Amino acid sequence: MKVCMVGTGYVGLVTGACLAESGNYVRCVDIDVEKCSALNNGEIPIYEPGLDVMVSRNAKQGRLKFTTDISYGVEGADFVFIAVGTPPGPDGSADLSFVMEVARQIGRTITTPTLVVTKSTVPVGTTLQVQSIIRSELEDRGLDLDFDIAFCPEFLREGSAIGDFMHPDRVVIGVETDRARESLVRLFSPLTGDENSIYSMNIPSAELTKYAANAMLATRISFMNELARFCEVSEADVEDVKRGIGSDSRIGPRFLNPGIGYGGSCFPKDVKALMDSSAKKGVKMSILEAVEQVNLSQKTLPVRWLKEIEGEDLSHLTVAIWGLSFKPDTDDMREAPSVEIARELTESGASVRAFDPVAMDKAREILGDSVTYGDDGYGILEGADCLILATEWALFREPDFQAMKDLMAKPIVLDGRNVYDPEEMEEKGFIYRSVGRPRR
Ligand code: UDX
């Protein structure tokens, strides 16, 4: 089938490449000329394992093209996906200007009936607005095209987006007509294997499903983080509690890891956007307010630990941070806890050094020269008074503890991701803190 993907950001690029990989002919449209020519040469602007190989392979085989010309993109397309950003506005609401502009352009350029699918995460009601815009543009052109509209959310995790797309738990589609449903089932059933994992519903339900999934996951994380605070003062071990509740099939074991809070491009933005759009309809989401509040204060937990150990004045300290991206296997720094930690430390006068295997360039754009960047994890430990583990990259999981101790001025390790064993750390002579586990 022929697919046009408007927007080659994270979601558009992964979706476009994966749809080409599953045998479709995909034209990706973006306004950025340099980005399109780089992509046509197989250069990928983001770090996502496996994506570069997939883009080059499909580009070489002629199934994946990048263009700035939307008229060429939509020509003869069976599907036109809208996958542009919906960044948060100052009040937390999703900024829909890119989505609406793309809708106008689609209305101005399509010449044959097609199925327009919103893939961007949008508030309930937006896809129907997209439909009205396209309709009115077509009317202006005097064209009576029988196009369909749908919403199809993405559930891709950065770092494992290709696996998530090619082997989804489920595909959710919001449609108005049988024709649209059948087309989307045809497009996605090679990925799900059968039709049973494709959940078809009306468009508003699908739009809300996307927000609800992220808000539910964020809620689980903040719940565990709040529970961890109680564990810290009650000798309970949050890791044991996690196993205890996660083995209940009604709860399930995933997304219960306590830590220094969630970040990234989706959870913080979507929680705020859902609160905003429900408030506009008179429904206050009190649970989500608490979820967000817990998350914000959780991000700087390691700084509070350090003050407990060293006192309020941190100005004499050198602190090393391992990991800067919001989670491993990505260079994404959006809403990363490391940013808040580094800011609070530098504001307190501490010297901060940091190392991340992939995200250093992006971190520099945000933190600038307030932080010293090292070439490896051990280098930044030399003479440091404290190490904060902010992101659980695999290479930090089994470090040479003796080398660390030898390098550091003080053996303080603040583990924001519960990666190390408290007993082992104590035996090795570290002053060690982790999230919600008893102190020894
Ligand atoms: C998320 C959703 O999982 C995905 O379906 C959606 O499309 C986009 O948002 P992503 O942001 O890539 O994906 O990351 P994810 O792996 O879900 O982690 C989100 C955040 O939660 C990270 O900051 C992570 O550190 C944190 N997290 C996750 C926890 O603190 N505890 C957990 O148990 C799981």
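Predicted model: local features only at pLDDT ≥ 70, side-chain atom pairs only at ≥ 80, totals over all residues.
User: How many residues of domain 3 are in contact with domain 2?
Analyst: The domain assignment, automatic or from a database, gives domain 1 (2–201), domain 2 (211–296) and domain 3 (299–434). The C-alpha centres of domains 2 and 3 lie 24 Å apart. Counting contacts as C-beta atoms, placed from the backbone, within 7 Å, 10 residues of domain 2 meet a domain 3 set of 14.

User: Which helix gives the most to the shell around the ligand?
Analyst: The ligand is surrounded by 19 residues (C-beta, placed from the backbone, within 6 Å), and Glu 158, Asn 257, Tyr 262, Gly 264 and Cys 266 are the closest. Domain 1 and domain 2 each supply at least three of the shell's residues. With 3 residues from 203–232, the top contributor is helix H9.

User: Where is Phe 155?
Analyst: Phe 155 is one of the residues in UniProt's "binding site" annotation (unreviewed entry), along with Arg 157, Lys 210 and Lys 327, among others. The annotated residues span 173 residues in sequence and their farthest two C-alpha atoms are 23.8 Å apart, so they don't all gather at one spot. As for Phe 155 itself, look between strand E6 (148–151) and helix H7 (161–166), in the loop.

User: At what angle do helix H5 and helix H6 pack?
Analyst: H5 (97–109) brings residues including Val 99, Met 100 and Ala 103, and H6 (126–140) answers with Val 130, Ile 133 and Leu 138 among them. That contact divides into 8 nonpolar, 2 polar and 3 charged residues (Asp, Glu, Lys and Arg are charged; Ala, Val, Leu, Ile, Met, Phe, Trp, Tyr, Cys and Pro nonpolar; the others, Gly among them, polar). With axes fitted to C-alpha atoms over the stretch in contact, and angles running from 0 to 180 degrees between N-to-C directions, the axes are 8 Å apart and the angle is about 35°.

Note on methods
Residues numbered from 1 in each chain as written. Helix = DSSP H or I, 4+ residues; strand = E, 2+ residues; numbered from the N terminus. Contact = placed C-beta atoms within 7 Å. UniProt positions renumbered as here; feature names shortened; annotations may be inferred.
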